[in-house]
Amino acid sequence: MGEITVEESNKNSGKNDRLEVLKTYKMYIDGKFPRTESARYYQPVVNESSLGNVCLASRKDVRNAVVAARSAQAGWSRRTAYNRAQILYRIAEMLEGRSQQFSDELVRQGLDVETAESQVSESIDRLIYYAGWCDKYQQVFSAVNPVASSHFNFSTLEPVGVVFTVASRDCPLLGLVSLIAPVIASGNTCVVLASEKCPLSAVTFAEVLATSDVPEGVVNILTGRIEELKEHFSRHLDVNAIACDGLESGLITEIKEFASENIKRVKIYHQDWSNESAANPYLIQDFCEVKTTWHPIEQISESGASY
Amino acid sequence: MTQKNNNWNLSPAPESTGHISLKKHYGVFIAGEFRTPEHGNRFPSVNPSTGEVLAEITESSLEEVDQAVAAARAAYTAEWSKMGGKERGKYLYRLARMLQEKSREFAVIESLDGGKPIRESRDVDVPLAAAHLFYYAGWADKLSYAFPNRIPRPLGVAGQIIPWNFPLLMAAWKIAPALATGNTVVLKPAETTSLTALKLAELIQEAGFPPGVVNVVTGHGNVGASIVNHDDVDKVAFTGSTEVGKMIQKAIAGTSKRCTLELGGKAANIVFDDAAVDQAVEGIVNGIYFNQGHVCCAGSRLFVQESIHDELIEKLKRRMGTLIVGDPMDKNTDVGAINSQQQLATIEQYIEVGKQEGAEFYQPDCELPKVGFWCRPTLFTDVAQSNRIAQEEIFGPVLAVQTFRTIAEVIKKANNTPYGLSAGVWTDKGSKIFNMTSQMKAGVVWANTYNLFDPTSPFGGFKESGFGREGGLHGLSAYLEI
C-alpha cells in the first residue's frame, strides 16, 4: 500500500471515479465517540504528509475521561476474573477480524508492511496472553501468611483503581495494547493518551473495544499533546496510578513531581514491546495493591481434627 | 452511667530500670564504629514521662551522612552483595537471637525513651522486632523462590527513615528485609527516639557484622532529607507522615531511586449490630488507645450501627474508665506518656477543634501525673463526616464516633478519605465480613480483631497512606530488582 495521504487518496478516487470517504478520528470516552469539547485539532505528520485532523484533547476532556473511568471501576473490578478473561479474549477476536485495517493504518503511520503485519499479530496474541492471566495472577501473587497467633491471615491483590496510561509513541498499536491489557486485566480502568505522532491506531482500537463487550468507561482514549496535558492528569486527585512508556527524563521528572501530590504510583517503562518477555504478570502486579486480611480462629481444646 | 470502680485500683508494679546500659552521649554509627563528629552538635533525648534527659544524641551534619553512605556503598560492593544468602541469613539470625537475649534491656529503654507502657514494649515491640529479623533471615538464601521466572538482584544502598512511635520495631522492619536481600543500610531514627536504634547498632557491632552493612545517623528532619537527596542512595524507605512522604516522592522524582512509603492513616473501625459487642469494645480500645494512639493504623474513626450505638458507647465509656494512664514503667499501665511536648500540643489542639465543631466530648476523670506529657483517652460522639477530627490524622488517643444504618452507607463513609492504610469490621456474619473486607480500600483489614502485626503478614497502604509493603513475601520486592 505505501503511505496514503489525503491528496493521494483523492487522486486514487479520481481513478476509480469515486471519492473516498475519509474517516473522522474521534476520541473514546465512556463508551462514546465524542470530539474534543475544545473543538481543537492537530495534524500529525508522517513522512511529510498529514494523517488527518485529530482531536486535540483539553483539560476538560481529561477530567471527563477520569470521571468515566472512576464510574466504571467498581463494576469492572467486581466482574468475575473469568468474565474479564472472556472480554479480553473478545477484544482479540475483534482485532483479528480487522487486522488488515490495522495493518494498513500502521503503514500510513510510517511502518513497513512486514513490521505492521507482525505488530498486529503480536497485539492480538498479547491480548490473548493477558486474557489467560485474568484468573491466574491472583494465585501466583497471593499468599496465606502463617502468623504466630491464632488468626487466619491472607494477602490478595486488588486493582489500584484508575490508571492514566501514556502510550508508546513509536509503537502505536502493540505498545498501546501491551499496557492496556495488563492494566485492565485485574479490574482497573484507564484513560489512555495515544501516541501524539501516530494516534490513528489508538482511535481505531477504540472501535474494537466498543464492539468487544468492554463496559463503557473501562478504557477511555484521548488524542492530544502530552506537553499540554501532563499537568492535568498527573495532578488529578482521582487518578491512582500512572503508566508511562518511553518518555524522556525531563518529562518523567515533571510527571513524578506532580504525581507526589496524592502519592500516585508511577510506573515508567522503556520496553521493546515486540520482545516476548515484555509481556508478563509482573505488569499486572504493578497496578495492584496488596490487601491483607486477618480473622481470629477459635481455639477450643480437644476439638482438633484427626483421621 | 460510667463511674470509676475504686476497688480496681492496683498497687504500683514498676519495672526496674536497673541492668540497662546507656551512655551519656551517643555518636553516630558508621563503618562498624561509633564516631563523635568534631562539630560536637548534640541534642538531648528526653524521657517524656519525667522530662529527665536520658542521653545526648549527635545532630549529624552532611559530613556524617556522606560518610555513612560511603561506608554502606563500600560494604555493599566489597562484601555484602557478594556474600552467599546463607551467610547473610546467619548474620540476621544471630542478631535476632541476641536481641531476644537482651529483650528486657531494649524494652526498658524503649519505654523510658518513648513513653510507651512497658507492657507494650515487652510484649509487642521487642518480640516482634526479633521475630522480623528471624523471619527475613530465613529468606536470604531462598529469594529465587519468591519471584517466579525472575532472578532477583539487590538495589544497593538503602536510606531508611523511621518514626518515633515504634522506634526499635520500625528499625527491624526496615533493616531485616534490606539486609536479607543483599542491600546495605543507612538508618535514621526519629530525633525523639534514637536510643534503641543506637542500642541495635551496638548489637550489630557485637554480632560481628561486616563494617558498613548497617550505619545509623541521628538528628532531625534535615538529616533525613540529606539521606533522601544523596546521590549514592539507591532506595529510600520512609515511615512517617503523609506530608513528608509527598515531599520525599517529589524530591526523588528526577532520580532512578526506588521508594517505599508507609504514611498516615485514618482507619474506619466498623461495628455492626450483630457483632459480639464486648469483644468489639476491647477491639475499639486496642484500636485507638494502644500506644497512646501513636499508631498510623489506629482505628481512629469508629462507625457504629445506629441500633446499638447507645449500648456500645455506654460499654465503651465504662471500659475507658478502667484504663490506667500514667507511668510507662508500671506494668499495670495501659496508656503511657505522649511522646513529646510538641505532639501533646497537636493532640490538644485537635481536641479543641472537635469541641468547637460541635462533637460531644468525653474523657474519663482519671488522675494524671504532675510532670511529663499526658492525654486522657478521649471520645467524641455525634461526629460529622466533614469534621476535622474525622478527616485528619491526630496520632493520639482520640476516637471520633459516627453512626450508620446500611452497608452501602458505611462503605461510602469509610472509604471517603485520602488515606487507606487499615480498617476494621466487627460482625458475626461471615458473608458480611467478606463483603466488607473486599470493599474497604485499605491495605490491612482486621475482621473481629484489631492492631495485630506479624512478620509474615504484609503491611502497607492504599492511596495516600503510601505504597509498597513491609512484612511477608511481599516485603521482599521493596528491596529487589526483579
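In strand S8 (residues 189–193) of chain A, 5 of the 5 residues are buried, so the strand is largely enclosed by the rest of the structure. The model is a predicted one. Side chains in a regular strand alternate between the two faces of the sheet. In S8(A), Thr189(A), Val191(A) and Leu193(A) point one way. Cys190(A) and Val192(A) point the other way. Both sets are buried.

What lies beside S8(A)? Strand S7 (residues 162–166) of chain A runs parallel to S8(A) and is joined to it by 5 bridges. Phe164(A) stands opposite Val191(A) there. From S7(A) the chain passes through helix H7 (residues 174–185) of chain A to reach S8(A). This β-α-β crossover is right-handed.

Strand S9 (residues 219–222) of chain A also runs parallel to S8(A), with 4 bridges between them. Here Val191(A) has Asn220(A) as its bridge partner. The path from S8(A) to S9(A) goes through helix H8 (residues 200–210) of chain A. That β-α-β crossover is right-handed too.

Now take chain A as a whole. It holds 11 helices and 12 strands. Its C-alpha atoms fill a box of roughly 90 × 40 × 30 Å along the principal axes. Of its 307 residues, 47% count as buried. Among contacts in chain A with a separation of 6 or more, 77% are between residues 24 or more positions apart.

Next comes the meeting of the two chains. In chain B, 36 residues are in contact with 27 residues of chain A. Four elements of chain B give two or more residues each to this side: helix H8 (242–251), helix H14 (430–439), strand S18 (444–447) and strand S19 (466–467). The residues on the chain B side divide into 17 nonpolar, 13 polar and 6 charged.

One of those elements, S18(B), pairs with a strand of the other chain. Strand S12 (residues 288–296) of chain A and S18(B) are parallel, with 3 bridges. Trp294(A) has Trp446(B) as its bridge partner.

Which sheet contains this pair?

Asn269(B) has Gly424(B) as its bridge partner in S17(B).

How is chain B divided? Domain 1 covers 25–263 + 462–481, and domain 2 covers 268–447. Their centres, taken over C-alpha atoms, are separated by 30 Å. Between the domains, 20 residues of domain 1 are in contact with 26 residues of domain 2. Helix H3 (103–114) and helix H4 (118–139) of chain B each supply at least two residues to the domain 1 side. H4(B) gives the largest share of that side, 3 residues. The domain 1 side has 5 nonpolar, 9 polar and 6 charged residues.

The last stop is strand S5 (residues 53–58) of chain B. Strands of a sheet pair through backbone hydrogen bonds, either parallel or antiparallel. S5(B) takes part in both kinds of pairing. Strand S1 (residues 25–26) of chain B is parallel to S5(B), with 2 bridges. Strand S4 (residues 42–46) of chain B is antiparallel to S5(B), with 5 bridges.

One residue of S5(B) links to both partners. Glu56(B) is the bridge partner of His25(B). Glu56(B) is also the bridge partner of Pro44(B). S4(B) and S5(B) form a hairpin with 6 residues between the strands. In this hairpin, Gly51(B) takes a positive phi near 80°.

Note on methods: Residues are numbered from 1 along each chain as its sequence is written. Chains are lettered from A and ligands numbered from 1 in the order in which they are written. This is a predicted model: local features need pLDDT of at least 70, side-chain atom pairs count only at pLDDT 80 or more; totals for chains, interfaces and linings use all residues. Domain bounds come from an automatic or database domain assignment. Two residues are in contact if their C-beta atoms, placed from the backbone, lie within 7 Å. Ala, Val, Leu, Ile, Met, Phe, Trp, Tyr, Cys and Pro count as nonpolar, Asp, Glu, Lys and Arg as charged, and the others, Gly among them, as polar. Two strands pair if DSSP finds at least two bridges between them. A residue is buried if 20 or more other C-beta atoms lie within 10 Å of its own, exposed if 12 or fewer, and partly exposed in between; C-beta atoms are placed from the backbone. A crossover is right-handed if, with the strands pointing away from the viewer, the path from the first strand over the helix to the second runs clockwise.
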